[in-house]
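Please read this short report alongside the sequence and the model. It takes a strand residue, a sheet, a pocket and a metal site in turn.

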Amino acid sequence: MIACEVYACLRMPSTRYFAAGRALVLAIVLACAASAPAFAARAVVTTEPRTDLRTGPSKAHNRITVLPPGITLWANDFVDGFYRIPLAPILHAWVSQGHVRPLDRSVACPAVQSLRDISVKGIEAGSVVVLRIARPVAFRVTQGIQPPTLTLDLFGVRLARYGVRQLPSDRCTWAIEAEQVTDGWARLTFNLTFAQQRGWRVAQGDGSLQLLIRRPYETASLSGKVIVIDPGHGGSDSGAVGPTGVREKTVNLRIAAKLKSLLEGRGAVVRMLRDTDSAVGSGSTQRAELEARLAASDQPDADLFLSVHNNAVGSGNAASAYGTETYYWSPMSALPARIMQNHLSASLGTKNRFISWRPFYVLRSSDVPRVLVECAFVSNPTEEARMKSEKFATAAANGLAMGVEEFFQIVANVD
Ligand SMILES: [Zn+2]
């Protein structure tokens, strides 16, 4: 009964309350209008090596895509330091003001461009998709692994003709689908001829956008394979520090150095991002250092990227967590991540905790499969004690070398 009365009250407020409410809303609207003038739409250009376009105006929002520098975008709102970017009539993104530079007010909203010519041809590195397009555009590449696909979304682009020419030299794609999702949002889907992808990259300029699809792995042998190894942290960045003072950077480098000699012994070409106790970049900020590592590891002939770390518990009971974890970001990195994790924890005799998808900075490129291993917990007293002996580094390096070997054996036999 009481509930009913309350409900009735809520549904039927007196006219007096209504009038007061309306006046209050009007006052708030007028006050806001006076203090925050409407944003005047303008062009901005991406400036960062990796500009994040997100689903909302904060860093907590997920990424829709990551763009290179030099892409002009149209901003039609500004909230909390983020510009709102209409990518297509049904899709907008938000970009931090720190990732773009506003252009002169005289720069007009970029017109939708017509895409008239698409071709795919084979080159030494794989297959290259060439789109004739006058100005660089915002894009997104999505990788699928089952079935193996690459999907290229182009924003501000209209398919003027649906024809796609596949030249006989193209060995990477077997069917290409073209679709106009909405006006100004074109989508090309490349169905690939092989299961384990090796990477892709996009370049724009000189009137074209080029998507390189790297050719598949062809042999199981480690001979000639290029492995890029990133011993985590270094220099002024110690990484995690254990209860008795063991530094993660030292253990990481010791494992990486042993892994290098094991892989070289089997014919691989190993490139270390650091082989001394040092930073890779200028080390001015953590982000600058991570970007320097990502840039240094971006090598056109790389076959696999491995970042070697040891783990720590950020807060809570440091002794409670122990064991091995492995991380990946691009879908093509899931298989090597799983293989590395299993060999690493078996060789170390550690608890096999999990593999996990996570956008760690050095994993955020799709040029090559990228894996980050956390061998054990430096914050755990038992595992920290083990890290003091050479045996630990040897066991970790052995596990990783076995993982690298098995990965190439599997992918060479899949196709
Ligand atoms: Zn680390």
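## Residue L211

L211 sits in strand β19, residues 208-214. Helices (H or I, at least four residues) and strands (E, at least two) are DSSP runs, numbered from the N terminus. L211 is buried, at 0% relative accessibility. Buried means under 20% relative accessible area, exposed over 50% and partly exposed in between, with a 1.4 Å probe and protein chains only.

V130 is 81 residues from L211 in sequence, yet their C-alpha atoms are 6.7 Å apart.

## Basis of the model

This is a predicted model: local features need pLDDT of at least 70, side-chain atom pairs count only at pLDDT 80 or more, and totals for chains, interfaces and linings use all residues. Residues are numbered from 1 along each chain as its sequence is written, and side-chain values use heavy atoms, with hydrogens and water left out.

## A four-stranded sheet

Four strands form an open sheet in the order β12-β13-β17-β16, with antiparallel pairing. Two strands pair if DSSP finds at least two bridges between them. β12 (139-145) and β16 (173-182) are the edge strands; each has a single partner, so one side of each lacks a neighbour in the sheet. Neighbouring strands are turned by 15° against each other on average, direction ignored. The axes behind this angle are lines fitted to C-alpha atoms, for helices over the stretch in contact, and angles run from 0 to 180 degrees between N-to-C directions.

β12 and β13 (residues 148-155) pair antiparallel over seven bridges. Q143 has L150 in β13 as its bridge partner.

## The largest pocket

The largest pocket holds about 1000 Å³ of space. Its lining has 36 residues; V66, W200, W329, R364 and S366 lie nearest the centre. β3 (63-67), β12 and β18 (200-205) each supply at least two lining residues.

A pocket is an open set of points on a 1 Å grid over the protein atoms alone, where a 1.4 Å probe fits, with protein on both sides within 12 Å along at least five of seven lines; lining residues have an atom within 4 Å of a point. Its volume is the space filled by probe spheres set on the points, which are joined across faces, edges and corners.

## The zinc site

Which protein donors does the zinc ion have? They are H233 (NE2), E248 (OE) and H309 (ND1), at 2.1 to 2.2 Å. H233 lies in the loop between β20 (226-231) and α3 (248-265), and E248 in helix α3, 15 residues apart; the pair links distant parts of the chain. The donor spacing is H-x14-E-x60-H. Donors are N, O and S atoms within 2.8 Å of the metal (3.2 Å for Na, K and Ca); water is not among the atoms, so sites may look incomplete.

H233 is buried, with a relative accessible area of 18%. E248 is also buried, at 3%.
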